[in-house]
Amino acid sequence: MATLAYSLGKLEINQYFTIKNAKLISLFLALVLLLVHSFSGLLNGSDSCQRLLSTGRFLGNNVWQPEGCMMHTYTSREASTCLNGKKVIFIGDSRIRALFISFISIIASQKQSAIKKHADISFRDNSSAAQVHFVWSPWTNNSMKERLILVSKEPVKPDALIIGAASWIIRDFKGSAEGLHQYKVNLTSMSPALERLAEHGEVYWHIQEPVNWRALSLSRRMITDQQIDLYNEAAAEALGFGRTHIRPLTVSRLAALETLNQSADGLHMADSSVDVGAMAFMNSLCNKVIRPIDGSCCQNMPPLTFLQKMALCVFLASILLFLLFHFLRKRPHRRPVAPDLESLEEKKPATATGPLGPEAVCGALCRMGLIMVYFYLCDRADVFMKEQKYYSHSAFFIPLINVFVLGLFCNESTKESRVLNREQTDEWKGWMQLVILIYHISGASAFIPVYMHVRVLVAAYLFQTGYGHFSFFWLKGDFGLYRLCQVLFRLNFLVLVLCAVMDRPYQFYYFVPLVSFWFVIIYSTLAMWPQIVQKKASNSALWYLGILLKLLGLLLLICLFAYSQDMFESTFTAWPLSELFELNGNIHEWWFRWRLDRFAVVQGMLFAFLYLLLQKKQVLSETRGDTLFSAKVSLPMLLLSGLSFITYSVWASNCQTKAQCNEMHPYISVVPILAFILIRNIPGFARSVYSSFFAWFGKISLELFICQYHIWLAADTKGILVLIPGNPPLNILVSSFIFVCVAHEISLITNILAQLLIPKDTVPLLKRLGAVGLLTLLLGAWGHPTSGT
């Protein structure tokens with residue numbers, strides 16, 4: 001996938017093999033897949049609850065994956081909230097009792113045990129008034145039927161009922177045909193009572209699990225898998241699964257098939273398989289109530305919010321206006337609009353034959369609207385399937401090695417050989433972004449050494465932010481409003497659109513708020529009086545001291561906020577900052593993210609200052625092919641850098657907990673970052689080449705990072721999008737191809753709109769900012785808690 005996308009990005013290959021054609025192919029694939037999944041849902045049914053209760057497989061130890069949807073792991077608080085005032089009844093033998101025990105253990109947040117055997121058990125959750133009862137009834141006879149009739153006559157009917165039994169009957173009748181016949185007759189007579197209960201709540205028949213025959217005691221040896229299968233078939237026929245409201249609960253059986261060897265007595269299944277059944281049952285009851293983002297089973301598409309409807313209207317209006325402009329453009333008296341450029345990857349204004357007008361704006365918004373429909377269908381509508389992540393070393397390291405091998409083979413000469421030149425920084429961002437993508441899709445955050453190294457990559461992004469923006473302002477001295485608005489627009493346009501379309505708060509896309517915040521801090525620090533730039537400092541060395549004092553003041557301010565959480569919270573919970581930095585009503589996520597890499601930007605700014613100072617003093621040798629320092633200095637620095645990198649990796653690999661590692665991370669993350677920069681730039685030959693493969697991805701790294709949330713991963717990064725079920729390699733190939741093409745197109749659209757919507761003239765820019773500010777205040781007032789909405 002990566003090789004193909006890179007090749008498509010190299011526009012000079014030939015007239016057919018281009019990124020534009022790749023996007024047309026990706027559009028075709030997306031439409032075909034949408035049609036296939038839609039028709040499949042119509043023909044086969046799109047009931048994810050049924051898939052939850054009757055399909056699935058283990059993804060490693062204790063990670064259960066239903067077919068095409070995600071199962072949420074419920075906490076005690078969530079379970080109590082969902083079951084508030086509800087009544088759940090389990091009826092059956094010791095196997096049903098085990099399911100009951102596992103179910104109430106979720107509510108109680110600790111493993112329960114059966115206090116009484118061969119007797120009824122009741123559980124009541126005091127915090128939610130939920131009632132869960134177990135009725136001991138191991139035979140499908142008149143006794144079970146009478147218990148069902150009593151339950152159906154109670155004034156408070158159960159909201160859910162699970163019933164099942166077979167092993168005792170098989171044992172007592174010694175596996176004879178007479179016992180099977182009696183079983184079927186009794187179930188047929190009980191079916192009307194179960195149907196009446198199904199009118200008031202959910203009714204499930206528990207499909208019997210297999211047995212580990214070798215582990216069975218002599219008194220149970222007549223219970224075989226063949227007998228279990230016959231009894232399950234008899235239950236399906238007697239209760240009319242598919243024709244009645246009684247639903248089969250098969251998931252425990254499927255889980256037990258994979259854990260039979262863990263059964264202690266051969267009859268009762270391992271806790272892992274029983275827990276799967278209980279959690280699946282909890283999901284079927286609660287997903288529609290709690291609506292967990294990583295519990296896509298049993299959830300319907302949510303209703304459109306006001307902002308989503310507004311976004312839809314804007315995109316529809318853009319389509320109509322674009323068609324109107326396109327029609328008028330064909331008339332002779334209309335001047336044709338400049339043709340669309342193939343690529344704006346360099347993040348610079350395009351050179352056009354004439355000014356781009358309203359048609360270009362509407363065209364860009366049309367394309368953005370189509371892309372947002374794809375986003376919505378992938379991650380909000382119940383069209384495409386979603387699956388859970390499961391980490392394994394091979395799932396992370398094999399694609400990682402492949403990507404780096406590809407990157408190393410795609411070398412080209414740089415246009416310039418200075419430290420951290422444009423091609424090199426694009427390359428750096430590119431390979432870091434690919435590592436982060438592999439890290440996310442493989443669920444590698446569960447492995448602490450990988451987690452800590454990826455944390456360094458995030459710090460490196462912020463380090464680059466400090467380095468790049470400081471270098472620009474120091475060298476150019478351009479503190480104009482146009483520059484400020486251009487950068488903030490490019491950073492935030494996609495995220496703001498996604499906030500409206502995907503109904504997510506701004507802080508949910510944490511990296512963009514983080515980078516935007518630090519850019520504003522850099523701008524404010526350097527733009528405030530006295531403005532110090534290189535030209536001014538060249539006239540007097542005292543200005544160098546002034547810029548260092550500014551950086552020191554910024555560092556002290558960061559320390560003040562970092563070590564005073566009360567001050568931090570009081571600042572960022574004040575309106576309107578709270579609208580930007582709160583997530584789910586609190587500031588904790590912003591506090592964690594901000595504090596984790598709080599020094600990285602200042603470190604990048606200080607590095608840029610020292611590097612530009614050394615460059616100005618001509619201390620560095622940046623000629624192509626030359627080592628950066630003299631041989632006496634270069635070799636020790638390379639050795640020290642390599643040793644520092646290895647030392648950090650050893651430390652990260654021996655971290656015991658994420659909390660312990662995160663405490664040290666802000667202070668030592670700069671060590672591997674500086675080590676990498678020195679290793680990459682001291683040798684002249686290394687500084688003179690770059691990987692065009694990584695650089696291509698680096699130019700769209702921001703779009704790749706944001707788009708992955710919804711159209712490559714799923715459930716807001718909690719799962720994986722499944723476009724092609726049953727074939728994970730092909731699914732990754734197709735979804736990745738579409739994902740990369742979409743990210744590239746969004747990058748193009750963002751650049752076009754940045755040119756069109758942000759004029760260089762100050763007066764028109766101020767007018768537009770005023771209009772945006774007014775609209776923001778109106779929306780903020782509408783959504784603010786004091787408004788009553």
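Q: In which helix is the place of L323?
A: This is a predicted model, and the numbering of its helices runs from the N terminus. The helix that spans residues 306–329 holds the place of L323, and that helix is α12.

Q: Is L323 buried or exposed?
A: A residue counts as exposed when its relative accessible area is over 50%. The relative accessible area of L323 is 51%, so L323 is exposed.

Q: What accessible area do L304, L312, L316, I319 and L323 have together?
A: These residues, L323 among them, form a nonpolar patch on the surface of the model. Taken together, their accessible area is about 420 Å².

Q: Which backbone oxygen does the side chain of N212 reach?
A: The place of N212 is in the loop between β7 (202–206) and α9 (225–239). Leaving aside neighbours within four places in sequence, N212 is in contact with L260, N261, S263 and G266. Its side chain reaches a backbone oxygen at 3.4 Å, and that oxygen belongs to L260.

Q: Which residue in β13 is the bridge partner of Q388?
A: Strand β9 (residues 385–388) and strand β13 (residues 719–722) run antiparallel and are joined by 4 bridges. For Q388, the bridge partner in β13 is G719.

Q: Which residue in the turn between β12 and β13 has a positive phi?
A: Strand β12 (residues 713–714) runs antiparallel to β13, with 2 bridges joining them, and L713 stands opposite I720. The two strands form a hairpin with 4 residues between them. In that turn, the residue with a positive phi of about 50° is A715.

Definitions and conventions:
Residues numbered from 1 in each chain as written. Predicted model: local features only at pLDDT ≥ 70, side-chain atom pairs only at ≥ 80, totals over all residues. Heavy atoms only, no water. Polar contact = N/O pair within 3.5 Å; in protein donor to acceptor, adjacent residues only side chain to side chain. Contact = heavy atoms within 4.5 Å. Pairing = 2+ DSSP bridges. Patch = residues over 30% accessible without salt bridge, like charges linked within 9 Å, V, L, I, M, F, W, Y side chains within 5 Å. Areas by Shrake-Rupley, 256 points an atom, 1.4 Å probe, with all protein chains shown as cover. Salt bridge = Lys/Arg side-chain N within 4 Å of Asp/Glu carboxyl O. Buried < 20%, exposed > 50% of the residue type's maximum accessible area, 1.4 Å probe, protein only.
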